[in-house]
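This report goes through selected parts of one protein model. Keep the sequence and the structure in view while reading.

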Amino acid sequence: MALRLRALRRVLKDTGSIYLHCDPTASHYLKLLMDAIYGHKFFLNEIIWKRTTAHGDAKRFSRVHDVILLYSVSKKFLWNKVYLPYDDNYIASTFKFKEKDGRKYAADDLTGAALSGGGYTYDWNGHTRVWFCPIQTMIRYEKQNRLHYSSTGLVYRKRYLNETEGKAPSDMWWDISPARRIERLGYPTQKPLALLERIIKASSNEGDTVLDPFCGCGTTVHAAESLGRKWIGIDISKFSTGLIRDRILHNFKYLNADDIDLRGSPGSVFEARVLARQDPFEFEKWVCGYIGAEGMFREPGEKGADGGVDGVLKFFPVREGVKVKPEYAIVQVKGGKVSPDSVKALHETVRRYEATAGVMVCFGDQLGTVENQRVKATFSDAWGSYPVIQGFSVESLLSDGQLDLPLYGYKRRGAMLGL
């Protein structure tokens, strides 16, 4: 971690900022590390993000927040004000006054006794006070009908609801919930898009480059692309790199595979075979990430017993007269020879876990075994019928082929199509 944070300081522009997300068990250690690398004088914020609701932890208060540490490398760092919409209760309690034309406004205090730099002392409407603004500004407000007078004659400034951009967020972020169900990609540390969009808007402009060196399932690069930023994502997991590639391609239709420079993952059948031979678990991760499979008993590609399930694909068949609900296809990945018994075992796994379908991913020269040994049963929805067991080749995967599954509302490879 320390080495990577030092490397990030080297590549960060003078106008750039770094946000480090962590949980409360590590934030105090990481703040010392960040102070040592970036300098305590460039510490900007410790943001508290309420990521979940309270639950009954035993013998301690519930842990409901994470910490985001914000640093810069110089005083030239870029900062854009971001605003949140007012909620109805705030509008009702703050914008209590109304003009004849119906415009709502708040009456803001103009006294300035608490100003750190001092205010302006003069009499206005029979009240001598230390005011927030000089008398010339007060006169201008009066001519513009911007002053509100209380029953005692004390003056306030009108702040119109239709002219306000919203409220500026503090360093306590209570308004961003965990990733919505439609966003979730089966990645344990996935962040909501709204969280990254706020960060990116505040600390970059369109055309700037955003770097996430722990990019996981790609929420940062997704947010950066949607906001018109250039982006670089780095992750050690081939599951992540494949998932991110297809998340971007299926959410931004104007992009194609040639627009994304993917390094460190197979780009050809030969490279896929090499990976399958050298590291079967990484090969499994890569395949699951590429087709958007989620974990069931463990994360895709994680070593250990998997119950015959390498990944799970969620889809939404449309059945007449029945509310659309998710159904599942179990994924098994084979980087070598596919035996007849393994195909039969996939069907048994589908039956045992009450899934709708099963997909055997293998190299093209093994598809014949899958076709010869699979059950020929099908399932259907309003759009057509589909095989209960099907084979899918690595060759098709690399050429962006489609699985034979219902596609209406199908959250394929991280695409948020909705229903």
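## Terms and basis

Ala, Val, Leu, Ile, Met, Phe, Trp, Tyr, Cys and Pro count as nonpolar, Asp, Glu, Lys and Arg as charged, and the others, Gly among them, as polar. The model is predicted: local features need pLDDT of at least 70, side-chain atom pairs count only at pLDDT 80 or more, and totals for chains, interfaces and linings use all residues. Residues are numbered from 1 along each chain as its sequence is written, and side-chain values use heavy atoms, with hydrogens and water left out.

## The second largest pocket

A pocket is found on a 1 Å grid over the protein atoms alone, as an open set of points where a 1.4 Å probe fits, with protein on both sides within 12 Å along at least five of seven lines; lining residues have an atom within 4 Å of a point. The lining has 21 residues, and Ile-232, Gly-233, Asp-261, Leu-262 and Arg-263 are the closest to the pocket's centre.

By class, 9 residues of this lining are nonpolar, 5 polar and 7 charged. Strand E12 (230-233) and helix H7 (238-251) each supply at least two lining residues; H7 gives the most, with 4 residues. Helices (H or I, at least four residues) and strands (E, at least two) are DSSP runs, numbered from the N terminus.

## An open antiparallel sheet

Strands of a sheet pair through backbone hydrogen bonds, either parallel or antiparallel. Here two strands pair if DSSP finds at least two bridges between them. An open sheet is formed by 4 antiparallel strands in the order E4-E5-E9-E8. Strand E4 (97-98) and strand E8 (147-149) are at the edges with a single partner strand each, so one side of each is left without a neighbour in the sheet.

E8 pairs with strand E9 (residues 155-160) over 3 antiparallel bridges. Leu-147 has Arg-157 in E9 as its bridge partner.

## A parallel pair

Strand E15 (residues 357-362) and strand E18 pair in the parallel sense over 5 bridges. The bridge partner of Gly-358 in E18 is Ile-389. Of the 5 residues of E18 (389-393), 4 are buried, meaning under 20% relative accessible area with a 1.4 Å probe, protein chains only.

Note on methods
Buried < 20%, exposed > 50% of the residue type's maximum accessible area, 1.4 Å probe, protein only.
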